[in-house]
Amino acid sequence: MPRSDCASTSSARAWRGEPRKVATVAWFAWDSGTHVTALATKHATIGAARLSVDIDRLIVRNPGAHIAAVAYSYSTTLLGEMFALNIADEVHTAFCIASAGVTHAASTAIEDAIEREEVVVYATEGAGDGVAPMGRLGNHPIDPRDIRGVIVYDSDGGEAPGIDGGVVAGVPVEGHASQTAVDERGIRHPGYFDERAQSYLTLVARLADAVTTAL
């Protein structure tokens, strides 16, 4: 998860009076290719194999760790390939944010894993995101939000879980960006990981829930 997610999750758990044993691993050991190759799955499949190896190494060093994978855009395709290849055994919580889509095989594998209660999967996408649907025009056409058992949450602004267990108002995301941009007029355009965004606030709360449940 991004470093800000880790800090926010730790803060949320501290607010609840729970231990703050949370670590983040920002993983970049793969090449997502170009907007053209992203319509296929080659890069995602190779990346899935590499991530699986690194997760296995992490488990060896941290037995009993609860692995939560936060995937955004084309990396959700990679995550789907892990399930399709049956190498996602150690992933127990997963987030598909602004997904470029997963394959039919991955969709079936994710649905089966959810049914067996091996993983909890969340998915979200903003209504104004015109890029994510384009990624689903290729060989990975399935929107994770359409997979049976996946928990869908909103990114368009509105109620979101607060760190104190209450409810706060989150702002909507604009477009496909992960980070917030400020235009030449000084106007902020929130991305999916903006700390005020409904999508981000929900992500942090559900991550805190996952870690707590695993203890």
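A cavity is a set of points, on a 1 Å grid over the protein atoms alone, where a 1.4 Å probe fits but cannot get out. A volume is the space filled by probe spheres set on the points, which are joined across faces, edges and corners. The structure is a predicted model, in which local features need pLDDT of at least 70 and side-chain atom pairs count only at pLDDT 80 or more, whereas totals for chains, interfaces and linings use all residues. Residues are numbered from 1 along each chain as its sequence is written, and side-chain values use heavy atoms, with hydrogens and water left out.

**View 1. The largest cavity and its lining.** A search of the whole structure finds 1 cavity of 30 Å³ or more, and about 30 Å³ of space lies in the largest cavity. Its lining residues (those with an atom within 4 Å of a point) are Ser52, Ile55, Asp56, Met82, Ile87, Ala88, Glu90 and Val91. The helix α2 gives the largest share of this lining, 3 residues; helices (H or I, at least four residues) and strands (E, at least two) are DSSP runs, numbered from the N terminus. By class, the lining has 5 nonpolar, 1 polar and 2 charged residues. Here Ala, Val, Leu, Ile, Met, Phe, Trp, Tyr, Cys and Pro count as nonpolar, Asp, Glu, Lys and Arg as charged, and the others, Gly among them, as polar.

**View 2. The second largest pocket.** A pocket is an open set of points with protein on both sides within 12 Å along at least five of seven lines. The second largest pocket holds about 280 Å³ of space. Of its 15 lining residues, His35, Ala38, Val131, Met134 and Gly135 lie nearest its centre. The lining comprises 8 nonpolar, 7 polar and no charged residues.

**View 3. Ser73 in the loop between β1 and α3.** The loop that holds Ser73 runs between β1 (67-72) and α3 (75-84). Phi of Ser73 is near 60°, a positive value in a residue other than glycine. With a relative accessible area of 17%, Ser73 is buried; buried means under 20% relative accessible area, exposed over 50%, and partly exposed in between (1.4 Å probe, protein chains only).

**View 4. Ala98 in the loop between β2 and α4.** Ala98 lies in the loop between β2 (91-97) and α4 (104-115). Its phi is near 50°, a positive value in a residue other than glycine. Ala98 counts as buried, at 0% relative accessibility.
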